[in-house]
Amino acid sequence: MAAAGRQAAPETALAYLELAAKFFAGRGVASARLDAELLLAEVLGTDRVGVYLRFDRPLGRSEVDAYRALVKRRGEGEPVAHLLGRREFWSRSFVVTPDVLVPRPETELVVERALAAVDAAGGRARRLRVLDLGTGSGALAVTLAVELPSAVVTAVDVSPAALAVAGRNAAALGVAARVRVVASDWTAALAAAARFDLVVGNPPYVPSPDLPHLPAEVRREPALALDGGADGLAAYRRIAVEAARVLAPGGTLVCEVGAGQAAAVAALFAAAGLGAVGRFTDLAGIERVVVGAAAGATAARAAS
Ligand SMILES: C[S@@+](CC[C@H](N)C(=O)[O-])C[C@H]1O[C@@H](n2cnc3c(N)ncnc32)[C@H](O)[C@@H]1O
């Protein structure tokens, strides 16, 4: 960023913003302008709209220093969510640390399909038993607890550090009493008799050989959250079988999948005995979610 000369008037927020966006673009950051805005909003203690309203305002010395430090770290590959310590998901703010996957917009499709399944099967007010497999930040578990006011949610993860973050988010969003975090290798630590009306999951699905080729900022996220084994499908092989076992009659499994994995995951769901298997696309037309219903399903299928 240009240093202001002794006599020069301080540069405006807009000037610093544009410099940062250009710097990010030069570093190959896909969302260069957005990231520059989010970091400036943080420094100014406002949101993105607030940044627009302050375009002409000169930045003070401490603001310039703070912005420079954030811009430098972002340029070195740190995700914006790690720099800010939070990320929006389903219009709510979630605490994010390097111990968890940064919640992604495409994962909101899991929430959409899960709620559609609940609506089709009898409504949101019921006392549903929900299981979130690989909860990470708790994005899915906590969002569903908020959206389903009588639901009791079990959020499992194999990472105790991730569970601590999920617990913080459950407390911050007022649902700690209905979200139980459990350290478990998928369903292994759950009681044999535990049954769920809704099972959701966004398991690690990046094929191991692809991990070194991920963008630098994604590689900073926990390997446990990304590594899907040799073909990316290792977690689904277990989840299909284990979910089929723990789903209550009429229950639904809703899983996010990686691009190009939907057909293979749908086949795994069917092979595990799940019925009414459906595949759903995101706004970009990519199949992102696979849904399956337990035997005895009534209207659980979330037809689009
Ligand atoms: C892709 S992240 C998803 C996090 C969060 N649900 C979301 O959508 O943002 C996958 C999560 O699965 C967890 N995980 C990986 N292997 C697991 C296993 N064997 N049992 C339970 N959780 C596991 C990881 O620790 C990570 O938090």
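Domain bounds here come from an automatic or database domain assignment. On that basis the chain of this predicted model is divided into domain 1, residues 13-76, and domain 2, residues 100-293. The C-alpha centres of domain 1 and domain 2 lie 34 Å apart.

**The sheet**

Seven strands form an open sheet with mixed pairing, in the order β5-β4-β3-β6-β7-β9-β8. The edges are taken by β5 (179-183) and β8 (275-281); each has a single partner strand, so one side of each is left without a neighbour in the sheet. From one strand to the next, the twist averages 15°.

Strands of a sheet pair through backbone hydrogen bonds, either parallel or antiparallel. Both kinds of pairing can be followed here. Strand β6 (residues 196-201) and strand β7 (residues 247-256) run parallel and are joined by five bridges. Within this part of the sheet, Val 200 stands opposite Val 254 in β7. Strands β8 and β9, in contrast, run antiparallel, and five bridges join them. Here Thr 281 stands opposite Glu 287 in β9. β8 and β9 form a hairpin with five residues between them. In the turn of this hairpin, Gly 285 has a positive phi of about 85°.

**Helices across the sheet**

Helix α6 (residues 108-120) lies across β6, β7, β8 and β9 (287-293), and runs at about 160° to β7. Helix α12 (residues 262-271) lies across β7, β8 and β9, running at about 10° to β9.

**The ligand site**

Which residues are closest to the ligand? Of the 17 residues that surround the ligand, the closest are Gly 134, Asp 157, Asp 185, Trp 186 and Asn 202.

| Residue | Atom of the residue | Atom of the ligand | Distance |
|---|---|---|---|
| Gly 134 | backbone N or O atom | nitrogen atom | 2.9 Å |
| Val 158 | polar backbone atom | nitrogen atom | 3.3 Å |
| Asp 185 | polar side-chain atom | nitrogen atom | 2.8 Å |

Taken alone, the ligand exposes 600 Å², and the protein buries 94% of that.

Key: Residues numbered from 1 in each chain as written. Predicted model: local features only at pLDDT ≥ 70, side-chain atom pairs only at ≥ 80, totals over all residues. Heavy atoms only, no water. Pairing = 2+ DSSP bridges. Helix = DSSP H or I, 4+ residues; strand = E, 2+ residues; numbered from the N terminus. Axes fitted to C-alpha atoms, helices over the stretch in contact; angles between N-to-C directions. Contact = heavy atoms within 4.5 Å. Near = heavy atom within 4 Å. Polar contact = N/O pair within 3.5 Å; in protein donor to acceptor, adjacent residues only side chain to side chain. Areas by Shrake-Rupley, 256 points an atom, 1.4 Å probe, with all protein chains shown as cover.
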